[in-house]
Amino acid sequence: MIKVQNLTKQFGHKRAVDGISFSVERGEVLGFLGPNGAGKSTTMRMITGFIPPTEGIVSVGGFDIVENPIAAKKLIGYLPENAPAYTDMTVHGFLSFAAEMRGLRGDTKTKAVQRAVEICFLEAVLHQSVDTLSKGYRHRTCFAQSIIHDPDVLILDEPTDGLDPNQKHEVRQLIRRMGEKKAIIFSTHILEEVDAVCSRAIIIDRGRIVANGTPEELRRKSDWAGAVTLTVNGIAANAIEQKLNQLRAAKKVTATATGNRVTATVFPRTAGDGDLTREVIEATSGWQVEELRTEEGRLDEVFRRITLPDTKN
Amino acid sequence: MNSLGNIKTISKRELSAYFTSPVAYVFIVIFLLLNGFFTFMVGGFFERGEAALTNSFFMWHPWFYLFLVPAVGMRLWADERRVGTLELLLTMPIAPWEAIVGKFIASWLFLGLALVLTFPVVLTVNHLGSPDNGVIFAAYIGSWLMAGAYLAVSCITSAVTRSQVVSFIISVVACLFLILAGFPPVINLLQNLMHNWQWLVGTITSFSVITHFAGFEKGVLDSRDVIFFLSVIGFSLFTTSVILRTHRTS
């Protein structure tokens, strides 16, 4: 549905987006990750046709966004950053306007507005003016606008920003549900969202794609992938460290003591090595182990490592 | 193909935005008060004893519009950019010119409404004497066209900046130029300064709204005057589209 080839945007001397290529098919939810200023919003603005690319091609449903913008835009629903909405209108007025702009009239329009209101839980504020809404409601109003014409493609720029935990949960559920039938791109800097919602994630840093894969694949790049954490009672921290360091599959061991109890983590030589867990279990037989678990890898650690190469240790 | 529908939708939204905020009411009340005051107190409508509105009523319009029209036009694009709704509007399946024309038409219709509400003046003059209503009608048309030209200039300044105040000030200055270029004291000054370039003085004067409005006030619907106002509007709206495009590319 969405095809992006070698997309580049130059602002003066600064390359905000630098040769990005990817594609999203129907039924996929693509998470767009990256530090602030990495080029997420700029990329989304080019995909939606708000700003023209300096170089590269965007096609949505087969239509080029520069050559054939109106046909492409018809397929897209877009929630811009900060969820802007006409503050002088009521929620109902705003959604009716959005529906009309999408060419919906009469009965179809009424039904479309009703549907969007139900999906986004806006009944309570339907006749309230947008500028009196709380941030969460305003966000959902703008979100409702983006799905009013039941588009095939949804581009959501930080859809959960500024929502409370319950609302975040609802929006994530919503995105996941809609992702079954649509092609969705959404940006976030909340890493749990990637697990909760995405079928695939792309990490962007300084305008380039630095990682692209399923959340599991990304997590496996972490130092933590396959690491073993255990809590032991009654043995000194340095003794534990010494013993575990001798394991064939172990790369590094950290141990911290709290009172009588020591929590140690053994990192694998190769990420995701399943042998390590077995070796640790063998080595600790006879110890008083209270807890032992194999880590899946941490997205935040992967994220930090590939977006900040200078502080890598 | 569906341009008309899009323009209508945008105009409708824009017009309703005027009336859901106090802007519209404040504007109309002030416009009518100013008209009443200047026509009857300053313009000396009764003392003149003529059954016409040219010298007592319409002659003030270029000056009222100087302040009032930029106040109507300043929010058109500046606000849209400040709030971020521009991003919504321009990612909808419409052509940018449809949005520009739609928003312009809404504001122009609003100014037309304010103008129509001055009808008691027409009733008064018809009650007291027997004026040439054709002349009055022509002057109304001219006044509305002139307001449109000011409004289109305000569209440009509104697209230039995010700040409504800056937009207002720049468009007042630009509109002031449109007036002063045909203001007799200024023409005299120019003629004295540039006696070797009388053609230049002529060119500058021809940009004045006052010169072109004068014909309408006399009841003459000269196609050149109509074309002047329409081309100022057309040119300004085109410039607005160029400015909006420039903002998006850089």
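The buried residues of helix α4 of chain B are B:His61, B:Pro62, B:Tyr65, B:Leu68, B:Val69, B:Pro70, B:Val72 and B:Gly73. Here a residue is buried if 20 or more other C-beta atoms lie within 10 Å of its own, exposed if 12 or fewer, and partly exposed in between, with C-beta atoms placed from the backbone. This is a predicted model, in which local features need pLDDT of at least 70 and side-chain atom pairs count only at pLDDT 80 or more, while totals for chains, interfaces and linings use all residues. Residues are numbered from 1 along each chain as its sequence is written, and chains are lettered from A and ligands numbered from 1 in the order in which they are written.

Let us stay with α4(B) for a moment. Helices (H or I, at least four residues) and strands (E, at least two) are DSSP runs, numbered from the N terminus. The cover over the buried residues of α4(B) includes α2 (23–42), α5 (75–83), α7 (96–116), α9 (133–160), α10 (164–180) and α13 (209–217) of chain B. Two residues are in contact if their C-beta atoms, placed from the backbone, lie within 7 Å.

How far apart are the end C-alpha atoms of α4(B)? They are 17 Å apart, which agrees with the 18 Å that the 13 residues of this helix (residues 61–73) should span at 1.5 Å a residue. The expected span of a helix is 1.5 Å times one less than its number of residues. The helix also bends by about 35° at B:Phe67, and a proline, B:Pro70, follows within four residues. The bend at a residue is the angle between axes fitted to the seven residues ending there and the seven starting there.

Chain B has 14 helices and zero strands, whereas chain A has 11 helices and 14 strands. The table sets out some overall values.

| Chain | Residues | Box of C-alpha atoms along the principal axes | Buried |
|---|---|---|---|
| Chain A | 313 residues | roughly 75 × 45 × 30 Å | 44% |
| Chain B | 250 residues | roughly 55 × 50 × 35 Å | 40% |

For chain B, the radius of gyration is 19 Å, which agrees with the value near 18 Å that a compact globule of 250 residues would have. The radius is taken over C-alpha atoms, and the globule rule is 2.2 Å times the number of residues to the power 0.38. Among contacts in chain B between residues at least 6 apart in sequence, 80% join residues at least 24 apart. In chain A, residues 24 or more positions apart account for 69% of the contacts with a separation of 6 or more.

Where the chains meet, 22 residues of chain A are in contact with 21 residues of chain B. On the chain A side, the elements giving two or more residues are α2 (69–74) and α3 (91–101) of chain A. That side divides into 12 nonpolar, five polar and five charged residues. Ala, Val, Leu, Ile, Met, Phe, Trp, Tyr, Cys and Pro count as nonpolar, Asp, Glu, Lys and Arg as charged, and the others, Gly among them, as polar.

Five of its five residues are buried, so β3(A) is largely enclosed by the rest of the structure. A:Val29, A:Gly31 and A:Leu33 point one way, and A:Leu30 and A:Phe32 the other way. Four bridges join β3(A) to the parallel strand β8 (residues 183–187) of chain A, where A:Ile185 is the bridge partner of A:Leu30. Four bridges also join β3(A) to strand β9 (residues 200–205) of chain A, again running parallel, with A:Ile203 as the bridge partner of A:Leu33. Two strands pair if DSSP finds at least two bridges between them.

A:Asp205 is found in β9(A) and counts as partly exposed, with 19 C-beta neighbours inside 10 Å. Leaving aside neighbours within four places in sequence, A:Asp205 is in contact with A:Gly34, A:Pro35, A:Ala38, A:Val210, A:Ile306 and A:Thr307. A:Asp205 and A:Lys40 are 165 residues apart in sequence, yet their C-alpha atoms are 8.9 Å apart.

A:Arg206 is found in the loop between β9 and β10 (208–213) of chain A. This residue has a positive phi of about 45° although it is not a glycine.
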